[in-house]
Amino acid sequence: MALLTLRNIHLAYGMAALLDGINLSLEPGERVAIAGRNGEGKSTLLKVISSQIQADSGEITRQDGLTTAYLTQELPPGIEGSVFDVVAEGLGEVGRLLERFHHLSQAAAGGDMQALEKMGPVQSQLDALDGWSLQNRVETTISRLSLDPEAPFAALSGGLKRRVWLARELVQRPQLLLLDEPTNHLDVAAIRWLEEFLIDSGLTVVFISHDRQFMESVATRILELDRGHLYEHPPSIEEFRRRQAERLETEASQRAEFDRKLAQEETWIRQGIKARRTRNEGRVRALQALRKKRAERRERGGQVKMKLSPEQRSGRLVIEAEHADFGYEQPIVRNVNLLLQRGDALGIVGPNGAGKTTLLRGLLGQMPPLSGTVKLGTQLEIAYFDQARARLDESTTVQDAVGEGRDRVMVNGESRHILSYLEDFLFPPARARQPVSALSGGERNRLLLAKLFLRPANLLVLDEPTNDLDVETLELLEQLLIEYTGTVIVVSHDRSFLDNVATSTLVLPGDGSVEEFVGGWSDLPERVTRRLLEGAGSQAPTPEAPPKKPAAEAPAPAAGSVAPRKLSYKDARELEALPARIETLEQEQLAISTAMTDPETLRDGTRMRDLQTRLEQVEAELAQCYQRWEQLESG
């Protein structure tokens, strides 16, 4: 029996119907990938399935008691507390009671007698709500996803935050799991972990992803959303592309025949007086129906037209590094040896936190090596694709974000109107006049590419360029980079993208070492890929423990042991304020790092030195904050 069935679902925003008579049935245990171009309504379809938005018309039938969890693209801002707190809150009111009891029991274990007194009423409430089995569920879910329950959520990497949020959804024990771009900001090991988890979980999963290898590994079928309609394909990207091409070719033939017939009838109706006197009124009505059908036709959007050619060739040598160590007070990346020449495409892969950004900054001359040497080639013009998209002003329009107030821009030596140029990136004039804040993730990436490709550059540095791009745009970007006569450095966790683009790959396994290999991901030795895939999330989960009910009193410390000291009021307030201070410093660290990649800044030596000095101060203060945090938490 189907878990959920959609029948003739219609939903429109403005004139265009995002969902135009959608029919879908989800069976237990299947994993369905939703594919389609950016802006086609894939996220909207997930929101309809999860009941976050209501369809204009149609019928949705759910199995009785169906529980649904939904992991969105963007996590809500301002989430605080430990991993345990965030996951427990997925259980609603009971979760908040568990969270309170968790903190009280920790305080009581530290000798806080007031906390011990407060535990009684909370324990009684949990007794009434079967809270102890739910506590076991929270602890088991956290263990299953290899998370530290006491780690502060705000201090986690983007990938770990998404894993915590997944745990928050899974603790509800959903039958249906909805995932919107779950691999964004995950490293290769985390993506592989997620693949195995979804395959082994037995859950019914509907997910949106443009990671082709992830899609093929996980999906049991692919549904393509195109102009409001769903088309089913087998779980193979090659077969998906073949069937899609056949469908579009058949559609083009049918439309050409329709247009030929319409043209014939239009010619007939416009004949002279004699023809109009004898015309068949039924034929006139048929022509009117043809006109209406033609007016309602939805054309498939064009392809992105990306063109890029360096206005000035760099020297043959682009970057040469010999025994270079990069870092701050201590090396983060050690003994880098690299010879990058004009026309090379260098891929960089490694787990989050392995030092990829530090390596990029060192190779581009933005920070001096702690030891060894780095030599940059001559006549370099660098264009940097910013992973964090920090260079997009949310308040400005799409047109001004690229044109910066100009009506015309220079594209490969040719003057073009800004609206014409933006149409190459699938932004029609109406969309080009909308604010950046209204764009989807994929549209923002396309906008950044449009802005990037206006710059004359012979060295492209792309940091995670594949996030949110649809498959067609992704393949076009690959082709552009393959044909590009300049030099490319790309940081990516997309294994297919690395295979198609990289001529050599730098691997940072996370221990500070760096190895270079010829080719892309598939060309890496098995020992290397195994090490990368077994990185984050590889620790075995703790076996599930039976539900436990804590005693009403905290256990007394053993004879001769020293109980952790209770924090003073001043220290407690300091500990409470530290996460916010660390978050502020990390945001400033990101802002400075982004500013240092701007071409204008790269040409301003004084500005670069000022930013470097401030960055060192921020990083030193961050280190002090983390050290102080550990001191206070350990008592």
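Which residues does Leu-198 touch, not counting residues up to four places away in sequence? In this predicted model, where local features need pLDDT of at least 70, side-chain atom pairs count only at pLDDT 80 or more, and totals for chains, interfaces and linings use all residues, Leu-198 touches Arg-31, Leu-177, Leu-179, Val-205, Phe-214 and Val-218, a contact being defined by heavy atoms within 4.5 Å. Residues are numbered from 1 along each chain as its sequence is written, and side-chain values use heavy atoms, with hydrogens and water left out.

Leu-198 also belongs to the largest nonpolar core, which has 54 residues and in which Val-138, Leu-166, Leu-177, Leu-198 and Phe-207 have the most contacts. Such a core is a set of buried Ala, Val, Leu, Ile, Met, Phe, Trp, Tyr and Cys residues joined through side-chain atoms within 4.5 Å, where buried means under 20% relative accessible area, exposed over 50%, and partly exposed in between, computed with a 1.4 Å probe on protein chains only. A second, separate core comprises 38 residues, including Leu-392, Leu-447, Ala-450 and Leu-462. In soluble globular proteins, nonpolar side chains tend to be buried together.

Turning to charged side chains, a search of the whole structure finds 22 salt bridges, each requiring a side-chain nitrogen of Lys or Arg within 4 Å of a carboxyl oxygen of Asp or Glu. One of these joins Arg-221 to Glu-232, with an N to O distance of 3.4 Å. Because Arg-221 lies in strand β8 (residues 221-226) and Glu-232 in strand β9 (residues 229-233), this pair ties together parts that are eleven residues apart in sequence; strands (E, at least two residues) and helices (H or I, at least four) are DSSP runs, numbered from the N terminus. Arg-221 counts as buried, at 12% relative accessibility.

A salt bridge within a helix is formed by Arg-260 and Glu-257 (2.4 Å, N to O), which are three residues apart in helix α9 (residues 237-269) and therefore separated by about one helical turn. Arg-260 is partly exposed, with a relative accessible area of 41%, and Glu-257 is likewise partly exposed at 41%.

Glu-621 lies in helix α22 (residues 605-633) and Arg-581 in helix α20 (residues 569-595), so the pair ties together parts that are 40 residues apart in sequence. Glu-621 is partly exposed at 24% relative accessibility, as is Arg-581 at 34%. Finally, Glu-224, Asp-226, Arg-227, Arg-247, Glu-251 and Arg-255 are linked in a network of salt bridges.
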